[in-house]
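Good morning, colleagues. Please bring the structure up on the screen, and I shall take you through some of its contacts.

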Amino acid sequence: MPKQIDASEEQAYLAYASRPRRPGASSLYRGVSYRKSTGQWIAQLYWRGRRYFLGTYQDEREAAEVYNKHALQIIGPFALVNDLTRAAGLDGQRPNA
C-alpha cells in the first residue's frame, strides 16, 4: 500500500513524469525501453530517487502493462500510466534492431 503523499510531492512527480517524450525514444510507452544487446524490452520505474527494475520482456506492450500495474501499486492513484488502448493501433514506430 502506498504511503501518504503530500501535495508538493505529488506536484513534483507530475511535473517530472509529464515532461515531453525524449526524441529518439525506443518505445511508445512510459517506463519501457529497448535493449539492442539482448533484443528485449525492459520495464523500469523511478520513484523517490529509487529505480525499480520490473523485468525484461519479448513484447513491448507486455512491458508497458507491467509498468502500469507496478506504477499504481508503488506510486498510487495519481501515477501516470500508459494508455494501452490508444497506442495499440500505432504501426511503424519500432526501433531498428
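Predicted model: local features only at pLDDT ≥ 70, side-chain atom pairs only at ≥ 80, totals over all residues.

Glu-65 and Arg-61 both sit in helix α2, 4 residues apart, which is about one turn of the helix. Helices here are DSSP runs of H or I with at least four residues, strands are runs of E with at least two, and both are numbered from the N terminus. The two residues form a salt bridge whose closest N and O atoms are 3.6 Å apart. By salt bridge I mean a side-chain nitrogen of Lys or Arg within 4 Å of a carboxyl oxygen of Asp or Glu, and by this rule the count comes to 1. Glu-65 is partly exposed at a relative accessible area of 39%, and Arg-61 is partly exposed at 30%. In these terms, buried means under 20% relative accessible area, exposed means over 50%, and partly exposed lies in between, with a 1.4 Å probe and protein chains only.

Residues are numbered from 1 along each chain as its sequence is written, and side-chain values use heavy atoms, with hydrogens and water left out.

Is Asn-68 buried or exposed? Asn-68 is buried, because its relative accessible area is 10%, under the 20% limit. Its side chain reaches the backbone nitrogen of Asn-82 at 2.8 Å. That is a polar contact, meaning a pair of N or O atoms within 3.5 Å; within protein, one must be able to donate a hydrogen and the other to accept it, and residues adjacent in sequence count only if both atoms are side-chain atoms. Leaving aside neighbours within four places in sequence, Asn-68 is in contact with Val-81, Asn-82 and Leu-84, where contact means heavy atoms within 4.5 Å.

Now to the chain as a whole. The protein chain has 3 helices and 3 strands, and along the sequence they follow the pattern α-β-β-β-α-α. Of its 97 residues, 34% count as buried. Among contacts between residues at least 6 apart in sequence, 46% join residues at least 24 apart. The accessible surface comes to about 6,500 Å², and 50% of this belongs to carbon and sulfur atoms; the areas come from the Shrake-Rupley method with a 1.4 Å probe, and for residues only the protein chains shown count as cover.

Not counting residues up to four places away in sequence, Tyr-13 touches Trp-47, Ile-75, Phe-78, Ala-79 and Leu-80.

I turn to the strands. β2 and β3 pair in the antiparallel sense over 7 bridges, pairing being assigned if DSSP finds at least two bridges between two strands. One of the bridges links Tyr-46 to its partner in β3, Arg-51. Arg-48 is partly exposed, at a relative accessible area of 43%.

Further along β3 we find Tyr-57, which is buried at a relative accessible area of 14%. A polar atom of its side chain lies 2.6 Å from the backbone oxygen of Leu-54. Beyond its neighbours within four places in sequence, Tyr-57 is in contact with Gln-40, Trp-41, Ala-43, Glu-62, Ala-63 and Val-66.

I close with a loop residue. Ser-26 is placed between α1 and β1 and, at 19% relative accessibility, counts as buried. Its side chain reaches the backbone nitrogen of Tyr-34 at 2.9 Å. Thank you for your attention.
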